[in-house]
Amino acid sequence: MQIWVDADACPVVIREILFKAARRTGVPLIFVANRALPLPKLSNVRMLQVEHGFDVADDKITSEVRKGDLVITSDIPLASDVIDRGATALSPRGELHTADTIKARLNMRDFMEDMRSTGAQIGGPAPFGQREKQAFANHLDRAIARVSRSQ
């Protein structure tokens, strides 16, 4: 398993959790973004810098991800694409996307986008807090443990 990170919008606190997991487990961790990010000097952590442009990082992740990989993203269409390729998608807020849930999330995303396009004032997500951080860390640990048990 490799962990792919849609890093342009990944909160720093989540990156820190990922760095700790990479240090502890040795799992390969790949950050994909259109700008360089500060990363620790670990042999299993690397940066793939892509060109600027709409969905360039998403397209790179989609083309490289393999069955059994884990993708960290808050982008629902990207989550859907990687699930279709046999990977798992986890949002930085700790929401595990599955084949059973992703279509409903895509529909909700599209609905909210339609509402915003009509001028409706819709609030954003709740503030990122300890609950989301803990949910993310728990799902990450379970995903890594699941792979470790199967090897």
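Modeller: Ground rule first: two residues are in contact when they have heavy atoms within 4.5 Å of each other. Also, keep in mind that this is a predicted model.

Biologist: Fine. What share of the contacts with a separation of 6 or more comes from residues 24 or more positions apart?

Modeller: That comes to 48% of them.

Biologist: And the secondary structure, how many helices and strands?

Modeller: Five helices and six strands. Reading from the N terminus, the order is β-α-β-β-α-β-α-β-β-α-α.

Biologist: How does the radius of gyration sit against the globule rule?

Modeller: The radius of gyration is 15 Å, close to the 15 Å that the rule gives for 151 residues, so the protein is as compact as a globular protein of that length. Along the principal axes, the C-alpha atoms fill a box of roughly 50 × 35 × 30 Å.

Biologist: What percentage of the residues is buried?

Modeller: Buried residues are 38% of the 151.

Biologist: Let's go inside, then. How many residues are in the largest nonpolar core?

Modeller: There are 24, and the residues with the most contacts inside that core are Ile-3, Val-5, Leu-18, Leu-29, Phe-31, Ile-72 and Leu-140. At least two core residues come from each of β1 (3-6), α1, β2 (29-33), β4 (70-72) and α5.

Biologist: Which element supplies the largest share?

Modeller: That's α1, with six residues. There is also a second, separate core of 17 residues, with Trp-4, Val-32, Ile-76 and Val-82 among them.

Biologist: Back to Leu-29. What does Leu-29 touch, not counting residues up to four places away in sequence?

Modeller: Its partners are Ile-3, Val-5, Leu-18, Phe-19, Ala-22, Asn-44, Val-45 and Arg-46.

Biologist: Which residues of α1 are buried?

Modeller: Ile-14, Arg-15, Ile-17, Leu-18, Phe-19, Ala-21 and Ala-22.

Biologist: What happens just after α1?

Modeller: Gly-26 sits there with a positive phi of about 80°.

Biologist: New topic, aromatics. How many aromatic pairs are there?

Modeller: One. In it, the ring centres of Phe-19 and Phe-31 are 5.5 Å apart with the planes at 55°, so the pair counts as tilted. Phe-19 belongs to helix α1 and Phe-31 to strand β2, so to speak a link between distant parts of the chain, 12 residues apart.

Biologist: Are those two buried or exposed?

Modeller: Phe-19 and Phe-31 are both buried.

Biologist: Now the charges. How many salt bridges does the whole structure have?

Modeller: Three. Take Asp-141 and Arg-24, whose closest N and O atoms are 2.9 Å apart.

Biologist: What does Lys-60 pair with?

Modeller: Glu-64, with the closest N and O atoms 3.3 Å apart.

Biologist: Why are Lys-60 and Glu-64 separated by about one helical turn?

Modeller: Because they are four residues apart in helix α2 (residues 56-64). Lys-60 is partly exposed at 29% relative accessible area, and Glu-64 is partly exposed at 29% too.

Biologist: And what is the N to O distance between Arg-93 and Glu-132?

Modeller: It is 3.7 Å, and their side chains form a salt bridge. This pair links distant parts of the chain, 39 residues apart: Arg-93 is in the loop between β5 (88-90) and β6 (96-97), Glu-132 in helix α5.

Biologist: Is Glu-132 buried or exposed?

Modeller: Buried, at 17%, with the cut-off for buried being under 20%. Arg-93 has 25% and is partly exposed.

Biologist: Last one. Where does Ser-91 lie?

Modeller: In the loop between β5 and β6. Ser-91 is buried, with 3% relative accessibility. Setting aside neighbours within four places in sequence, Ser-91 contacts Thr-73, His-97 and Phe-136.

Key:
Residues are numbered from 1 along each chain as its sequence is written. This is a predicted model: local features need pLDDT of at least 70, side-chain atom pairs count only at pLDDT 80 or more; totals for chains, interfaces and linings use all residues. Side-chain values use heavy atoms; hydrogens and water are left out. A salt bridge is a side-chain nitrogen of Lys or Arg within 4 Å of a carboxyl oxygen of Asp or Glu. Buried means under 20% relative accessible area, exposed over 50%, partly exposed in between (1.4 Å probe, protein chains only). A nonpolar core is a set of buried Ala, Val, Leu, Ile, Met, Phe, Trp, Tyr and Cys residues joined through side-chain atoms within 4.5 Å. Rings of Phe, Tyr and Trp (its six-membered ring) pair if their centres lie within 6.5 Å; planes under 30 degrees apart count as stacked, over 60 as edge-to-face and the rest as tilted. The radius of gyration is taken over C-alpha atoms; the globule rule is 2.2 Å times the number of residues to the power 0.38.
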